[in-house]
Amino acid sequence: IGKIIEYVEDINSIEKVIGIILSQVNNENPKIRFACLYCIYQLTERYGDSFLDLYHKTVLPTINELFKKETVLRVLIQLCDTLQTILEKAPKSIVNENIQNFLDSVFLIFIKSEKECPAILREGIIDVLGELISATEDKFAPFSEKCFDILFQYLTVIIKSNDKNTNLFGELIDVITRVGKYCPEKLAKNSLDIAQSLILFQNNISNFKGNVGEFFESAWEKILPVIKTDHKDIIPTIIQSALKVITNPPEMAISSNPEKKFDVQAFIGDVDLGEKKVTLEKEKITFNTSETEEYTIFLEIFNLFLTELKDSALPYIDVVEQEAKRVLSYPNSDIRVEASRVFPNLIEVVKISADNSKVVLKLKEYLTVLVTAAKNDKENIVVSGMLDSINDLLKDQPKLLNEVELQHLFNELLQIFDKTEASRLYL
């Protein structure tokens, strides 16, 4: 029935079927309860507020009641998925009227022991809370302090237990800081503990197979204003932790031999055709994986630190420069673009304590690095990103280049434009 719903245009034509589904949600057989919840999920996805306008007075109390008595893990996980979709699709007025009921239902499960509420179920509940915050916005404020306390208490539990479930931690820290938006005093009071927990998990990142970067980035954005004013002593540790992550980019490996590093250039180069030797231009190959996406986000986080914590970043300039230069040639377009953005941020760091002559030297060095990278890159989208970084590098730097240097830069840029246009015409 759940699959059939996907192809039915008029909700009124399946009114009787919906009645049957709703009448069986409390069936003693857990497989039937699961199937009914999946159908409600599909009905909500398919018809959105049209379904919920008609049936929310039956569906919502049923969902809340199931949270109180359901014990089967698979059904509870589907229950979370269904409620999350309801919160996404329901009219705001319906959601706002039921905030307390939703919170009572999910926290009833969340506060239980690890045995009764394992990590996979907690992640589902955290997803529900995130969707509830998105759906209610300022209406969530009266409930924020109590929610913050419950979630933060669980954060302390997993830190003390040395739990290394990075995905659960990422989702938890994200929703804590999102709740904290509506109780800023609590967020400020606990920002140091949140920062220390983020550092702890960042220091233990050995690969980029998780999907936590976006959660970490969101959390840092929310607590950095407080860290900058109230907890300056921890800033060097924050920067060192981020540096540890970005200095270890994911390695490419051939699937049949994962221990062997993937040498991109081994696939291209000089081709010997007997008497005639043909030389192929070595083009950069881009690899897009979940790991490169994750690493790109951590580069974004580091750029965030360079922007927000520039006063404390000066001791790390040499290491950051070296790493940014290295990944400018990494076989992934997003990583190369994000690496190019490091240099405009670095010049702002240099300007804080260096005299004008050193700023000029660094500006010329960074311009040379970015122009060379843009000239050598084969992907137009990357070249475009690098040109944006060159523009940001030159912005607010009046008269640091003389006329001859500006003419040379202009000629270099013209070569990049000519190469890009030739590529476009070829395509």
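Helices (H or I, at least four residues) are DSSP runs, numbered from the N terminus. The model is predicted: local features need pLDDT of at least 70, side-chain atom pairs count only at pLDDT 80 or more, and totals for chains, interfaces and linings use all residues. Residues are numbered from 1 along each chain as its sequence is written, and side-chain values use heavy atoms, with hydrogens and water left out.

**View A. The loop between α8 and α9, with Glu 137.** The loop joins α8 (119-136) to α9 (141-160) and contains Glu 137. Glu 137 is not a glycine, yet has a positive phi of about 50°. Its relative accessible area is 45%, so Glu 137 is partly exposed (buried means under 20%, exposed over 50%, partly exposed in between; 1.4 Å probe, protein chains only).

**View B. Packing of α11 against α10 and its crossing with α9.** Helix α10 (residues 166-180) and helix α11 (residues 184-203) have axes 10 Å apart and an angle of about 160°. Axes are lines fitted to C-alpha atoms, for helices over the stretch in contact, and angles run from 0 to 180 degrees between N-to-C directions. α10 and α11 are therefore roughly antiparallel. The axes of α9 and α11 come within 12 Å and cross at roughly 30°, which makes this pair roughly parallel. The classes are under 35 degrees for roughly parallel, over 145 for roughly antiparallel, 65 to 115 for roughly perpendicular and oblique for the rest.

**View C. The salt bridge of Arg 326 and Glu 323.** The closest N and O atoms of Arg 326 and Glu 323 are 2.7 Å apart; a salt bridge is a side-chain nitrogen of Lys or Arg within 4 Å of a carboxyl oxygen of Asp or Glu. Both residues belong to helix α16 (residues 317-327), three residues apart, and so are separated by about one helical turn. Arg 326 is partly exposed at 43% relative accessible area, whereas Glu 323 is buried at 7%.

**View D. The salt bridge of Lys 364 and Glu 405.** The N to O distance in this pair is 2.5 Å. Lys 364 is in helix α19 (residues 356-376) and Glu 405 in helix α21, so the bridge ties together parts 41 residues apart in sequence. Lys 364 is partly exposed at 28%, and Glu 405 is partly exposed at 22%.

Key: Helix = DSSP H or I, 4+ residues; strand = E, 2+ residues; numbered from the N terminus.
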